[in-house]
Amino acid sequence: AFRASFASLSGNLALLLNGIGIAVTFTILLVTANTMSMAVRERRTEIAVLKTLGFGSRLVMGLVLVESLVLGLLGGAVGLGLGAVMIKALPRLPFIGDAVRQFPNLGLSPQVAGLGFAIALFIGLAAGLVPALSAYRARITDALRTV
């Protein structure tokens, strides 16, 4: 009861942490979208050559989307792995360890891990959608002319 009343003094902590989480997720989406846009822009010639060799626009768009999904998949896996390791290491840290040891059930549940992985895949898909559409619409002559 003492811990609950002490926690209530900090205000609406859940709203604050959710807001921070949403801001971080949106920032990661922007960084990933920028990375995918740069990757497609740098490969305009390769995309034009693929289309010249007979690769369809849908296939090129699919390749860009798959690359973006793999980027999201790897980022989600690395993030969840590091998160699980850090949760196990928190009780042994000097100043934080005492506070964390008071929560014996602290851990990464499968539901939270699944949700985090789904969000990572969504970010990968959303970040690759606009660059994939630009690769889909790219005309061979325009892409080869900029070389």
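Predicted model: local features only at pLDDT ≥ 70, side-chain atom pairs only at ≥ 80, totals over all residues.

Biologist: What is the relative accessible area of Leu63?

Modeller: Leu63 has a relative accessible area of 42%, so Leu63 counts as partly exposed. On this scale, buried is under 20%, exposed is over 50% and partly exposed is in between, with a 1.4 Å probe and protein chains only.

Biologist: Where does Leu63 lie?

Modeller: Leu63 lies in helix H4. Helices are DSSP runs of H or I with at least four residues, strands are runs of E with at least two, and both are numbered from the N terminus.

Biologist: Which residues form the nonpolar patch on the surface?

Modeller: Leu63 belongs to it, together with Val49, Leu53, Phe55, Leu59, Ile140 and Leu144. Their accessible area together is about 580 Å². Helix H4 (57–89) and helix H7 (140–145) are the elements that give two or more residues to the patch. Patch residues have over 30% relative accessible area and no salt bridge; nonpolar side chains (Val, Leu, Ile, Met, Phe, Trp, Tyr) are joined within 5 Å, and like charges within 9 Å. Areas come from the Shrake-Rupley method with a 1.4 Å probe, and for residues only the protein chains shown count as cover.

Biologist: Change of topic. How many salt bridges are there?

Modeller: The count comes to three salt bridges. The rule asks for a side-chain nitrogen of Lys or Arg within 4 Å of a carboxyl oxygen of Asp or Glu.

Biologist: Which residue does Arg43 pair with?

Modeller: Arg43 forms a salt bridge with Glu67, and their closest N and O atoms are 2.8 Å apart. This pair links distant parts of the chain, 24 residues apart: Arg43 is in the loop between helix H2 (13–42) and helix H3 (44–52), and Glu67 is in helix H4. Arg43 is partly exposed at 34% relative accessible area, and Glu67 is partly exposed at 28%.

Biologist: How far is the C-alpha of Arg43 from that of Ile140?

Modeller: The two C-alpha atoms are separated by 12 Å, although Arg43 and Ile140 are 97 residues apart along the chain.

Biologist: And the other salt bridges?

Modeller: Arg139, Asp142 and Arg145 are linked in a network. Asp142 pairs with Arg139, with the closest N and O atoms 3.3 Å apart. Asp142 also pairs with Arg145, again with a closest N and O distance of 3.3 Å. Arg145 and Asp142 are separated by about one helical turn, because they are three residues apart in helix H7.

Biologist: What is the relative accessibility of Asp142?

Modeller: Asp142 is at 27%, so Asp142 counts as partly exposed. Arg139 is exposed at 55%, and Arg145 is exposed at 61%.

Biologist: Back to the fold. How many helices and strands are there?

Modeller: The protein chain has seven helices and zero strands. H4 has 33 residues and reaches 48 Å from its first C-alpha to its last, close to the 48 Å expected. H2 has 30 residues and reaches 44 Å, close to the 44 Å expected. The expected span is 1.5 Å times one less than the number of residues.

Biologist: Which residues of H4 are buried?

Modeller: Val60, Met61, Val64, Leu65, Ser68, Gly72, Gly76 and Ala89. They pack against H2, H3 and helix H6 (110–137), with contact meaning heavy atoms within 4.5 Å. In H2, the buried residues are Thr32, Met36, Ala39 and Val40, and these pack against H3, H4 and H6.

Biologist: What about the overall dimensions?

Modeller: The C-alpha trace spans about 70 × 25 × 25 Å along its principal axes. The radius of gyration is 22 Å, whereas a compact globule of 147 residues would have one near 15 Å. That radius is taken over C-alpha atoms, and the globule rule is 2.2 Å times the number of residues to the power 0.38. Buried residues make up 18% of the 147 residues. The chain exposes about 10400 Å², with carbon and sulfur atoms supplying 73% of it.

Biologist: And what share of the contacts joins residues at least 24 apart?

Modeller: Among contacts between residues at least 6 apart in sequence, the share is 81%.

Note on methods:
Residues numbered from 1 in each chain as written. Heavy atoms only, no water.
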